[in-house]
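Biologist: Please pick a single part of this model and go through it closely, with its surroundings. State the cut-offs as you go.

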Amino acid sequence: EKFFLLKAQGVLRNSLGFHQDVFYGLDRYQWEHWVGSHPSILPCEMHSTRVGFTDMVEGRVSSEQHYEWGIGPRRYMVFDAPGARRPYLLRDEDANFMQYYYAAGNLVKWIGLYGEVPARDSWVWDHFPAGRRWRDLVDEHGTGAVDAMVRGSDGHVRSAFALSNHTGTAHAFDEEKALSLSKPPIVVFYHVTYPASEEEGAAAAVRAQFNALSKGRYDNATRSFDRERKILLYYTISGGGAHERESMSRLCEEYSDGIMCRRLGTYDDEFASGETLRQLHAFCDA
């Protein structure tokens with residue numbers, strides 16, 4: 001879950017092309033991932049490196065020459081072709097550093113499942129591309145290494161889990177009472193971006209969206225809008241200046257009969273991203 005949030009924020013990535021449930025350890029595949037998941041494990045292998053994944057699956061492993069016990073890992077992916085050496089190594093060092101299938105994704109898993117990281121002399125740091133770079137972060141930050149990387153990634157992205165990087169929270173106001181009513185408001189999380197030199201067009205788009213929200217939730221059964229339920233709007237602003245922020249406040253006041261606004265944060269950088277997503281995650285997780 002944390003990886004998918006960080007991937008959506010553009011901090012970590014999966015650029016190797018393996019997107020099925022089996023590779024992420026989702027649903028029924030979670031058990032296979034959990035079995036060898038502890039960061040202190042020292043892997044070993046019974047098969048010779050001359051044997052490939054397809055050979056194992058299709059039962060083409062029978063003679064003594066197919067077995068050769070040894071300390072692993074001796075292949076980079078379980079389905080590597082026999083004798084292959086780093087077939088999925090990316091040329092870009094930063095891409096290797098951010099890659100889900102390498103140290104980054106495994107650290108997310110180790111920290112998330114166990115609250116632990118591998119020892120400094122672990123095989124992990126030499127096995128994975130950019131592993132020593134992650135080792136340096138772990139030396140400095142321990143289990144906070146991933147969030148430390150996120151905070152320092154490029155200045156545009158905030159950690160989805162580092163609570164020190166936000167202003168305001170979705171549960172710091174009086175609307176908890178409103179959410180418990182028989183007809184609670186419809187909750188909307190809205191990230192507003194004012195691109196440089198396009199503030200006027202962005203402001204027009206925001207007004208149009210406020211107008212649409214003010215109509216209420218459309219009921220397919222009655223083919224009408226339910227105007228009795230208010231909108232609880234949590235919003236974040238990136239880019240623009242004082243004028244745009246004041247305009248947003250005026251819109252909230254203008255539509256206050258149907259929309260309750262709660263500003264979560266403002267950022268001068270128009271490319272700031274991830275903060276609204278982090279707030280949404282915290283709201284759903286509460």
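Modeller: The buried residues of helix 12 pack against strand 3, helix 11, strand 6 and strand 7, where contact means heavy atoms within 4.5 Å. Buried stands for under 20% relative accessible area, exposed for over 50%, and partly exposed for what lies in between (1.4 Å probe, protein chains only). Helices (H or I, at least four residues) and strands (E, at least two) are DSSP runs, numbered from the N terminus. This is a predicted model, in which local features need pLDDT of at least 70 and side-chain atom pairs count only at pLDDT 80 or more, while totals for chains, interfaces and linings use all residues. Residues are numbered from 1 along each chain as its sequence is written, and side-chain values use heavy atoms, with hydrogens and water left out.

The buried residues of helix 12 are E244, R245, M248, L251 and C252. They cover an arc of only 115° around the axis, so they sit on the same side of helix 12; the arc is that of the directions from the helix axis to the C-beta atoms. An α-helix has 3.6 residues a turn, so residues three or four places apart point the same way. A242, H243 and E253 are exposed on the other side of helix 12. As for length, the 13 residues of helix 12 should span 18 Å at 1.5 Å a residue, and the end C-alpha atoms are 18 Å apart, which agrees. The expected span is 1.5 Å times one less than the number of residues.

Strand 6 has 9 of its 9 residues buried, so the rest of the structure largely encloses it. Strand 3 pairs with strand 6 (residues 231-239) in the parallel sense over 9 bridges. I186 has I231 in strand 6 as its bridge partner, and V192 stands opposite I237 of strand 6.

The pairing of strand 6 with strand 7 is parallel, over 8 bridges, and L233 has C261 in strand 7 as its bridge partner. The chain goes from strand 6 through helix 12 to strand 7 in a right-handed β-α-β crossover, right-handed meaning that, with the strands pointing away from the viewer, the path from the first strand over the helix to the second runs clockwise.

Phi of S197 is near 70°, a positive value in a residue other than glycine. S197 is exposed, with a relative accessible area of 69%.

Note on methods: Pairing = 2+ DSSP bridges.
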